[in-house]
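Let's take a walk through this structure together, one stop at a time. Have your viewer open and follow along.

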Amino acid sequence: MGEPGGATVSPARDATLPPGPPPVRQAELRIPGRLDQLGEASEWLARFADTLALPHEMRYRLDLGLNEAVTNVVSHGYRDAGEHAIRLRLSADGDAVTLEIEDDGVPFDPLAATPSARPASLAEAPIGGLGIQLIRAMLDECRYRREEGRNRLTMVARPRPGPGQAP
Amino acid sequence: MQMDVSEIDGGIQHIRLSGRMDVAGTQAIDLRFTALTASRRAAIVVDLADVSFLASIGMRTLLSSAKALAMKGGRMVLLNPQPMVADALSTAGIDTLIPVHTDLGAACQALAGVAAG
């Protein structure tokens with residue numbers, strides 16, 4: 001993958017060395033910036049989660065982050081009818097999994113939006129704005145950077161005790 | 001995503017959704033769901049037991065139908081979401097706007113008095 005330190009497996013670890021931390025595992029996918037690509041992106045995430053045997057609650061939250069972030073980019077990020085691409089990167093480090101989404105849309109920091117107040121009734125409830133709220137709440141760490149004309153949203157999921165699991 | 005509709009006691013509509021309620025899944029059922037729920041005064045149980053994933057676009061469909069129903073004097077309740085779906089519903093505050101039940105009997109009771117028009 002051409003990145004320093006990006007080697008994914010080192011099966012021939014020198015037996016005389018003390019065992020190091022388990023290797024960082026990575027995956028990358030480029031998709032056209034269209035909503036009909038979300039299914040493939042979710043399947044790619046599921047395959048990565050399978051190889052790591054990720055707990056269901058973690059894969060669910062990463063899948064939600066992926067779906068909401070890509071939906072936002074495609075729905076609001078493009079000001080022209082040209083072709084766009086979105087780069088998705090997954091990496092596992094210890095029991096944390098990081099999902100990075102890089103797009104060439106207009107500058108937009110989803111984390112800068114002020115969370116809206118909870119509506120008291122159905123009549124007052126706005127239809128929309130839920131995606132970013134879900135990203136913030138369901139992922140354990142979110143960062144945004146604008147770099148070289150691209151938006152980069154980084155989301156980290158760590159295991160959470162959930163229903164049916166020991167706290 | 002699949003959608004099955006049946007009528008249960010007291011004219012209550014039981015809508016059973018199954019599959020992933022992501023962008024593609026929601027688009028697949030949105031028209032039928034909205035037509036069923038938003039066109040008249042109705043009492044509706046939306047059964048989420050077989051919904052494995054719910055994105056914000058699916059929540060929007062639920063929310064806008066529930067709003068339209070309420071304006072016509074109807075009502076919607078949600079039934080049996082899977083744990084992560086329930087978690088997302090509560091994170092988004094949907095559960096305070098559309099009641100969530102874990103038992104069909106209780107869901108029907110919550111709809112008592114909403115006669116289907």
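Two residues are in contact here when they have heavy atoms within 4.5 Å of each other. Keep in mind that the model is a predicted one. With that cut-off, take the contacts in chain A that have a sequence separation of 6 or more: 63% of them join residues 24 or more positions apart.

Let's stay with chain A for its overall layout. Its secondary structure comprises 3 helices and 5 strands, and along the sequence these elements follow the order β-α-α-β-β-α-β-β. Chain A has 167 residues, and 40% of them are buried.

Most residues other than glycine have a negative phi. A53(A), however, is not a glycine and has a positive phi of about 50°. You will find A53(A) in the loop that connects α1 (38–52) with α2 of chain A. Its relative accessibility is 60%, so A53(A) counts as exposed, for which the cut-off is over 50%. Further along, E148(A) also shows a positive phi, near 50°, again in a residue other than glycine. This residue sits in the loop between β4 (141–147) and β5 (150–157) of chain A. E148(A) is exposed too, with a relative accessible area of 80%.

Now let's see where the two chains meet. From α3(A), the residues Q133(A), L134(A), A137(A) and M138(A) take part, and they meet M84(B), D87(B), A88(B) and T91(B) of α3(B). Sorted by class, this contact between α3(A) and α3(B) has 5 nonpolar, 2 polar and 1 charged residues.

How many aromatic pairs does the structure hold over all chains? There is 1, formed by Y60(A) and F53(B). The ring centres are 5.1 Å apart and the planes make an angle of 50°, which puts the pair in the tilted class. Y60(A) belongs to helix α2 (residues 56–76) of chain A while F53(B) belongs to strand β3 (residues 43–54) of chain B, so this pair joins two chains. The ring of F53(B) has another neighbour: R20(B) lies over its face, 4.2 Å from the ring centre.

Two further stops remain in chain B. S65(B) is part of helix α2 (residues 56–71) of that chain. With a relative accessibility of 1%, S65(B) is buried. Setting aside its neighbours within four places in sequence, S65(B) contacts F33(B), T34(B), T37(B) and M76(B).

The last stop is Q2(B), in strand β1 (residues 2–8) of chain B. Not counting residues up to four places away in sequence, Q2(B) touches R16(B), L17(B), S18(B) and I29(B). Q2(B) and G25(B) are 23 residues apart in sequence, and their C-alpha atoms are 8.2 Å apart in space.

Definitions and conventions: Residues numbered from 1 in each chain as written. Chains lettered and ligands numbered in written order. Predicted model: local features only at pLDDT ≥ 70, side-chain atom pairs only at ≥ 80, totals over all residues. Heavy atoms only, no water. Helix = DSSP H or I, 4+ residues; strand = E, 2+ residues; numbered from the N terminus. Nonpolar A, V, L, I, M, F, W, Y, C, P; charged D, E, K, R; others polar. Phe/Tyr/Trp six-rings, centres within 6.5 Å; stacked < 30°, edge-to-face > 60°. Lys NZ or Arg CZ within 6 Å of the ring centre and 35° of its normal. Buried < 20%, exposed > 50% of the residue type's maximum accessible area, 1.4 Å probe, protein only.
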